[in-house]
Amino acid sequence: MSSALLVNIFRFIMLLAIQVVIFNNMNFLGYISPFPYILYIILYPVNSNRSGLIISSFLLGIVMDMFCNSGGIHATACVILAYYRPYIFKFSFGLSYEYQTIKLNESLTPERFSFILVSVLLHHIVLFTLEAFQFKFIFDILLRTLFSSIFTIITSIIIIYIIKPNKR
Amino acid sequence: MQQIFNFIIRNSNRLLFLLLLGISLTLTIQSHSYHRSRVISSANFLSGGVYERINRVNEYMNLRTENDELVLENARLKSLLFNKKDTTKAPIADSIKGVKPADIIVSKVIHNSYNTHENYITLNSGRNAGVKQDMGVINSLGIIGVIDNTSPNYSTVVSILNMKSQINAKLKKTNHFGSLTWDGKSTGFVQLEDVPRLASVRKGDTIVTGGQSVIFPEGINIGTVENIYKKENSSFYVIRVKLFNDMTNLGHVYIIKSKDREELINLENKSKEKDE
């Protein structure tokens, strides 16, 4: 039990570190940057404490906001993603997801991919809507969501394949 | 009573979610309102320290451009020095008090963002170096922004590429004023709004800071006129200004300490009180 906690703390710090050091400085075409730090929320163990996930996601978002000077947009997006995660699980894996052992960091099945896709889209659309904060930028919001989501998904999958924790 | 406890225990996750969502949304909305400083900013020990370390690495990558800029600035300063017209007559405005109206703090950009609608820059000098809120930030090419938050060793800057930023600017040749804003689209261009139609503007004219603001001294370069639009149903132009600065590549900057600032603000407040 405590080793799972340690793995989570390690993931929290490592994902934040690579996000801040590497991915925040990637600006494809001036405005597209991936946000693979939300892998922390995606990879959080399925049957673990749910309030723990919500609180740690809030902390994750607040630290990101601190580094990005963005008020509270990352915190909001992370908390929303953390809260709706079980519903996305239900959507992607079917109703009985709790009784299956879902290991996201194994081979990429369509269910796993759809889970990552929906999570990333939900997070990014909240993030960019709150960032622009005005309806006249609706086209801009959708464009940024689309391109950033593509990059986030690609980097997330690469990171999942590189680290592969829990597999001993 | 029992039922209340039961309700709280049963819905603990939902309540927790709503609480945290409320906190984060409050922070978001508060950060979008202009006249309040943000609660959470990168001017603190943790993120400032991390950005400073990252910046030490990045600096090596930019040594060449940084050197080029320094050489250009040196050349410009030397040309000023050698072509000084009249050394017997000191500038009048300054010689009365015997002090320069503006002092300068040299600082370094340790984090720069330009891919959102509200961009902030983090600098590696703060209150200990005498940086205060609402000081102007420039570099050798032109203006960069206005100080927002400060901590003992770091400070954040509202970049001119921030839709909340509004800076008083004017046409260099005719002294027509307008306010400089950003439409959130391109990092190389800003908009000068509310320029009266009486002004004769041409493509290529220089835009400089105006004397109406107490943040920047008058006459600091901003950019050149790229396009001129007429706003419908109003007697004002909107001018698209091409910045001299490449806002995506910033190194050393100067923070301007305006010594007359407090005096000016006090004076203006006094006249306002009289009116009321």
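Student: What should I know before I start?
Tutor: This is a predicted model, where local features need pLDDT of at least 70, side-chain atom pairs count only at pLDDT 80 or more, and totals for chains, interfaces and linings use all residues. Residues are numbered from 1 along each chain as its sequence is written, chains are lettered from A and ligands numbered from 1 in the order in which they are written, and side-chain values use heavy atoms, with hydrogens and water left out.

Student: How many residues of chain A are in contact with chain B?
Tutor: 38 residues of chain A are in contact with 34 residues of chain B. Contact means heavy atoms within 4.5 Å.

Student: What area is buried between chain A and chain B?
Tutor: About 3,100 Å², and carbon and sulfur atoms give 64% of it. Buried area is the accessible area (1.4 Å probe) that two parts lose on being put together, summed over both.

Student: Which residues in chain A lose the most area to chain B?
Tutor: A:M66, A:F67 and A:N69. Together they give 23% of what that side buries.

Student: How many salt bridges does the rule find across that interface?
Tutor: 0 across the interface of chain A and chain B. The rule wants a side-chain nitrogen of Lys or Arg within 4 Å of a carboxyl oxygen of Asp or Glu.

Student: And over all chains?
Tutor: The count comes to 3. One of them joins A:R144 and A:E131, with the closest N and O atoms 3.9 Å apart. A:R144 lies in helix α6 of chain A and A:E131 in helix α5 of chain A, so the pair ties together parts that are 13 residues apart in sequence. Helices (H or I, at least four residues) and strands (E, at least two) are DSSP runs, numbered from the N terminus.

Student: At what angle do α5(A) and α6(A) pack?
Tutor: About 140 degrees, with the axes 9 Å apart. That makes α5(A) oblique to α6(A). Angles under 35 degrees count as roughly parallel, over 145 as roughly antiparallel, 65 to 115 as roughly perpendicular and the rest as oblique. Axes are lines fitted to C-alpha atoms, for helices over the stretch in contact, and angles run from 0 to 180 degrees between N-to-C directions.

Student: What classes of residue make up that contact?
Tutor: 13 nonpolar, 6 polar and 2 charged. Ala, Val, Leu, Ile, Met, Phe, Trp, Tyr, Cys and Pro count as nonpolar, Asp, Glu, Lys and Arg as charged, and the others, Gly among them, as polar.

Student: Back to the interface. How does α4(A) pack on α2(B)?
Tutor: Helix α4 (residues 73-93) of chain A and helix α2 (residues 12-32) of chain B pack at about 155 degrees, axes 7 Å apart. They are therefore roughly antiparallel to each other.

Student: Which residues meet there?
Tutor: A:Y83, A:Y84 and A:Y87 are among those in α4(A), and B:F17, B:L20 and B:L21 are among those in α2(B). By class, this contact has 11 nonpolar, 4 polar and 1 charged residues.

Student: What about α1(A) and α3(A)?
Tutor: Their axes come within 11 Å and cross at roughly 25 degrees. The two helices are therefore roughly parallel to each other. Residues in the contact include A:F12 and A:L16 of α1(A), and A:L59 and A:F67 of α3(A). The contact divides into 8 nonpolar, 2 polar and no charged residues.

Student: New topic. Where is B:K173?
Tutor: B:K173 lies in the loop between β6 (167-171) and β7 (177-181) of chain B.

Student: What is B:K173 in contact with?
Tutor: B:S200 and B:D205, leaving aside neighbours within four places in sequence. B:K173 and B:D205 are 32 residues apart in sequence and 7.9 Å apart in space, C-alpha to C-alpha.
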